[in-house]
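Have the structure open in a viewer, with the residue selection tool at hand. The stops below each give something to select and then say what is there.

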Amino acid sequence: MTIRVNQPDTPADEQLRQCLDHAPTNSFIMKAGAGSGKTTSLVKALAHLARLRGPRLRQKGQQIACITYTEVAVGEIWGDVSNAPLFHVSTIHSFLWNIVRPFTNDIREWVRERINEKIGDSKERLAKPRTQAATKLRLEADLLRYDQQLETIKTVKHFTYGIGSNYSEGVLGHDDVLRIGPALINESILMRRLVADRFPYLFVDESQDTDPKVVEAFRNIAVEHAGRFCLGFFGDPMQKIYLAGVGAIEKEGGWESITKPENFRCPRLVLDVVNKIRAKGDGLEQTRGKMIEVNGEFVSAPGTARIFVLPADNTRSGNLNRVRQWLSERNDDQKWLDDSIEGVKVMVLVHRMAAQNMGFPDIYAALNDHGSSTLKDGLLDGSAWVLRPFMHYVLPIVRAIRTSENFAALRLLRTTAPALQADNLKPDTARQILDKLKADLDNLVALFDNPNTTTRDVLTLLNSRNLYPIDERLKSRLEGLPPAAPAGEGADDDAAVIAFFACKASQMWNYENYVLRQSPFDTHQGVKGAEFDRVIVVLDDEEAKYNLFSYGKFFGITPLSDTDKANSAAGNETVLDRTTRLFYVCCSRAVRDLAVVFYVPEDQVVTAVEKAKEFFRAQDIFTAADLS
């Protein structure tokens with residue numbers, strides 16, 4: 001176990017330990033605010049269970065399961081538990097697949113129903129008079145492929161989980177697993193019992209962003225096997241930033257509710273702002289703040305929290321640079337001017353500003369301006385299905401070949417390239433397959449060296465040479481859509497994908513640097529879970545053109561729409577709810593200094609300054625005149 005286990009206990013840690021000591025077992029929900037050390041509490045709980053229940057669990061061949069949102073988080077938790085075999089740590093997708101994988105016939109029936117569902121959707125779209133001709137051709141091709149898949153899945157011996165779905169080859173993709181897992185769990189008494197028997201303890205990290213169907217499936221196991229199955233949710237509803245997340249989770253009878261209000265990250269002035277923002281949400285007031293030791297005593301860490309209310313005009317970029325210069329001089333800290341990852345972190349609402357500055361404007365415009373909410377969300381972290389071939393395979397393999405990192409290239413090929421999978425690699429054809437693969441990879445690298453190469457060119461090579469298991473949604477559009485977007489076409493992401501196909505492939509390098517945070521820019525949504533010494537949060541509704549959030553409405557300088565009022569009256573989620581959560585996430589990233597830059601129409605600057613006093617001290621509110 002890592003040093004996290006030796007951290008001092010908080011009241012929430014003690015309450016959780018008592019809950020785990022209880023017999024029969026109780027399930028629980030822990031709400032832990034930003035900077036509270038939620039992962040520390042989770043790891044301490046795992047360590048406690050290892051001491052308390054480990055010998056018996058090992059004797060019975062059982063494990064403690066911990067599932068979380070990303071592979072990065074999985075790696076961190078694995079490190080915390082020293083890769084002990086008592087634990088099963090994985091992403092939600094991997095965990096669900098691990099559960100359903102043995103049930104081949106059930107998977108086959110689910111895939112058959114899924115294909116029929118797609119057939120129904122395609123026929124419905126074909127029947128609509130406004131569907132574009134190009135899209136109709138693609139849908140007709142899809143229907144032929146679906147009919148073929150219905151035949152081929154009858155002979156599939158076993159199904160596998162891959163990056164993209166390919167039903168004819170028995171491959172289910174990420175989205176499939178997120179559907180089939182909850183479906184089979186909810187339908188099968190046997191499967192629910194098997195999960196409870198194999199994993200009597202199941203902890204869910206970042207529970208607020210977990211799919212509601214997954215939460216429902218786990219809840220059904222906990223209710224059905226109450227007393228011998230412990231389900232624990234670790235999360236914070238105020239940090240729900242993805243629309244598909246469940247948010248707050250209601251507890252069942254007998255479940256424990258645990259609140260961890262401490263904040264160990266933010267200095268006092270920043271925490272005051274954070275608490276005032278959260279007061280508009282669930283009202284939880286976080287305590288303590290970051291402390292440092294001075295002369296043997298712990299005192300509040302120094303830090304600042306300021307807001308700059310500036311006119312939303314064509315001097316935005318210049319004013320942002322002036323703010324950074326002002327902060328550098330006022331704080332006597334040159335890092336405010338540093339664009340490296342060790343300097344300042346500038347958080348913008350959408351990628352547009354970062355895309356322009358970092359050199360991937362076409363990729364941003366293609367997926368954000370034309371795409372569905374699914375593509376827009378996937379643009380935040382590189383997970384969109386149109387981006388996966390580049391993020392998971394093309395960029396890493398080209399980089400490895402260019403730098404002669406042969407081991408890294410071979411490892412990637414073994415796990416990804418269809419030609420090197422066990423079912424395809426035969427001793428008598430191995431040399432021929434490897435020679436073909438080398439020639440194809442040489443062509444891929446040469447293609448990337450050409451500055452005029454488009455993403456479509458790259459994907460076409462992958463598809464024609466079977467270098468990568470391309471997702472069916474992408475393959476369908478690659479083979480069936482024209483090189484230019486039809487006028488007015490927007491449904492089903494066709495226009496977004498066509499625009500993406502026209503982007504220069506070289507922009508993907510810049511996009512990757514952005515996703516990997518190799519720049520001073522990040523999005524409000526992309527920083528959850530991270531922390532930085534110097535934070536600038538840019539609020540600009542006009543630049544964002546994103547109606548899911550509105551800082552003008554949050555601060556009360558933009559009137560609520562009739563839809564906003566109707567949603568509020570009906571108890572539905574509103575633009576204010578979403579914006580409050582997002583602003584809370586952004587401001588709570590600051591370990592030392594926080595600066596908010598709020599762009600408003602010039603005639604509203606005075607009003608915005610008054611409204612800002614609800615969150616910031618009067619002496620910490622500045623305007624353009626103060627930057628002179």
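**Stop 1: a loop residue and its contacts**

Select E250, which is exposed, with a relative accessible area of 60%. This is a predicted model, and E250 sits in the loop between strand 7 (230-235) and strand 8 (256-260). Which residues does E250 touch, leaving out those up to four places away in sequence? They are I29, R219 and W255. I29 is 221 residues from E250 in sequence, yet the C-alpha atoms of the two are 8.5 Å apart.

**Stop 2: colour by confidence**

Colour the protein chain by pLDDT. The mean is 89, and 93% of the residues reach 70 or more. Then select residues 486-491, where the pLDDT is below 50. In the model this stretch has 13 contacts beyond near neighbours in sequence.

**Stop 3: the nonpolar cores**

Select V386, L387, Y393 and F500. In the largest nonpolar core, which has 51 residues, these four touch the most other members.

Not counting residues up to four places away in sequence, L387 touches L367, G378, L379, G382, F500, M508 and Y511. For a second, separate core, select V270, L539, L548 and L594, which are among its 45 residues. In soluble globular proteins, nonpolar side chains tend to be buried together.

**Stop 4: a covered helix**

Go to helix 4 (residues 92-100). How many of its nine residues are buried? Seven are, and the helix is mostly covered. To see the buried residues of helix 4, select I92, F95, L96, W97, N98, I99 and V100.

**Stop 5**

I292 belongs to strand 11 (residues 291-294). Its relative accessible area is 31%, so I292 counts as partly exposed.

**Stop 6: backbone angles**

Most residues other than glycine have a negative phi, and most peptide bonds are trans.

- Select A23 and P24: the peptide bond joining them is cis, with omega about 0°. P24 is in the loop between helix 1 (11-21) and strand 1 (28-32).
- Select E206: its phi is positive, near 50°, and the residue is not glycine. E206 lies in the loop between strand 6 (201-205) and helix 9 (212-224). Is E206 buried or exposed? Its relative accessible area is 17%, under the 20% limit, so E206 is buried.
- Select R288: its phi is also positive, near 80°, in a residue other than glycine. R288 is placed in strand 10 (residues 287-288). With a relative accessible area of 37%, R288 is partly exposed.

**Stop 7: the last pair**

Finish with T152, which lies in helix 6 (residues 133-152). T152 is partly exposed, and its relative accessible area is 30%.

Methods:
Residues are numbered from 1 along each chain as its sequence is written. Side-chain values use heavy atoms; hydrogens and water are left out. A nonpolar core is a set of buried Ala, Val, Leu, Ile, Met, Phe, Trp, Tyr and Cys residues joined through side-chain atoms within 4.5 Å. Buried means under 20% relative accessible area, exposed over 50%, partly exposed in between (1.4 Å probe, protein chains only). Contact means heavy atoms within 4.5 Å. Helices (H or I, at least four residues) and strands (E, at least two) are DSSP runs, numbered from the N terminus. pLDDT is the predictor's confidence in each residue, from 0 to 100.
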